[in-house]
Amino acid sequence: MRYIPQVSFKSDDSSTRHSVLTTARRTAAVINALADERPDPIAVADVLRAYGEADPIELTTRDVAGMRAAAALLRQVFAAEHADDAAATLNRLLIDHTGPLRLTSHGGSTPWHPHLDHDDNAPWDEWLLASSCMALTVLVWDRQRPPGRICASTSCQNVFIAQGSGPERRYCSRRCATRERVAAHRHSHSTEQSNETK
């Protein structure tokens with residue numbers, strides 16, 4: 001099982017910042033940051049910066065509330081069991097929430113890349129939903145399976161991008177996988193002891 005760590009951008013390599021995989025990973029990280037009932041706008045902005053979004057990032061509580069609604073819609077893609085389910089969810093989101101496909105270089109400040117939001121100054125929630133739908137759609141197309149999952153740990157609801165060609169991941173991190181293995185072992189051990197005393 002291979003776990004891909006969060007990518008942190010220290011350079012100005014905007015071509016990497018706009019890659020499909022980086023955008024998909026950013027989507028998962030932002031969804032997880034927005035999972036709290038009242039996410040801190042500064043913490044959400046820090047996640048965006050960690051994935052290469054340029055300053056100034058000034059999020060209001062209203063921006064974060066809109067992004068949180070977008071994240072709830074995107075979480076449905078991660079909950080999909082099969083490629084057909086993920087594709088159906090993405091098709092619905094694309095029809096209901098995005099504009100036409102267009103290329104932008106943000107006035108020459110970035111390499112050309114696709115956008116589905118209505119313009120370069122779209123609100124944060126529209127940008128998050130559109131850019132995330134684009135990346136997740138390409139991953140479904142490329143891999144013919146859901147682009148990610150919700151962690152199978154009962155104490156974690158984080159989403160993650162599924163990677164690699166090996167067995168499909170069930171957990172967002174080694175920590176969650178280990179915690180679940182230890183819990184299963186303890187449960188099995190206590191059941192054995194309980195059966196021995198009967």
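This is a guided walk through one protein chain, from its overall layout to a few local details. The model is predicted, so local features are described only where pLDDT is at least 70 and side-chain atom pairs only at pLDDT 80 or more, while totals for chains, interfaces and linings use all residues. Residues are numbered from 1 along each chain as its sequence is written, and side-chain values use heavy atoms, with hydrogens and water left out.

Let's start with the whole chain. The protein chain has seven helices and four strands, and along the sequence they follow the pattern α-α-α-α-α-β-β-α-β-β-α. Here helices (H or I, at least four residues) and strands (E, at least two) are DSSP runs, numbered from the N terminus. Of the 198 residues, 41% count as buried; buried means under 20% relative accessible area, exposed means over 50%, and partly exposed lies in between, with a 1.4 Å probe and protein chains only. The chain exposes about 11400 Å², and carbon and sulfur atoms supply 52% of that area. Accessible areas come from the Shrake-Rupley method with a 1.4 Å probe, and for residues only the protein chains shown count as cover. Among contacts in the chain with a separation of 6 or more, 53% come from residues 24 or more positions apart, where contact means heavy atoms within 4.5 Å.

Now to the helix packing. Two packed helices are described by the angle between their axes and the distance between the axes. The axes are lines fitted to C-alpha atoms, for helices over the stretch in contact, and angles run from 0 to 180 degrees between N-to-C directions. The crossing of α5 and α6 is left-handed, a term used if the near helix is turned anticlockwise from the far one by less than a right angle, with right-handed used if clockwise. On the α5 side, the contact is made by A83, A86, L90, L93, L94 and H97, and on the α6 side by L129, C133, L136, T137 and V140. By class, this contact has nine nonpolar, two polar and no charged residues. In that scheme Ala, Val, Leu, Ile, Met, Phe, Trp, Tyr, Cys and Pro count as nonpolar, Asp, Glu, Lys and Arg as charged, and the others, Gly among them, as polar.

Helix α6 also packs with helix α2 (residues 20-33), at an angle of about 125° and with the axes 9 Å apart. That makes α2 oblique to α6, and this crossing too is left-handed. From α2, V20, L21, T23, A24, R26, T27 and V30 meet W127, L128, S131, S132, A135, L136, V138, L139 and R143 of α6. The contact of α2 with α6 has ten nonpolar, four polar and two charged residues.

W141 and A83 are 58 residues apart in sequence, yet their C-alpha atoms are 8.9 Å apart in space.

Next, take a look at α3 (41-50). Its buried residues are P41, V44, A45, V47, L48 and A50, and they pack against α2, α4 and α6. After α3 comes G52, whose phi is positive, near 90°. In the loop between α3 and α4 (61-79) you will also find P56, and the peptide bond from D55 to P56 is cis, with omega near 5°.

That brings us to backbone geometry. Most residues other than glycine have a negative phi, and most peptide bonds are trans. H106, which is not a glycine, has a positive phi of about 50°. H106 sits in the loop between β1 (102-104) and β2 (113-115) and counts as partly exposed at 26% relative accessibility. In the β1 to β2 loop there is also S105, which counts as buried at 9% relative accessibility. Leaving aside residues up to four places away in sequence, S105 touches T110, P111 and W112. Q144 has a positive phi as well, about 55°, although it is not a glycine. Q144 lies in the loop between α6 and β3 (148-150), and at 58% relative accessibility Q144 counts as exposed.

Technical notes: Parallel < 35°, antiparallel > 145°, perpendicular 65-115°, else oblique.
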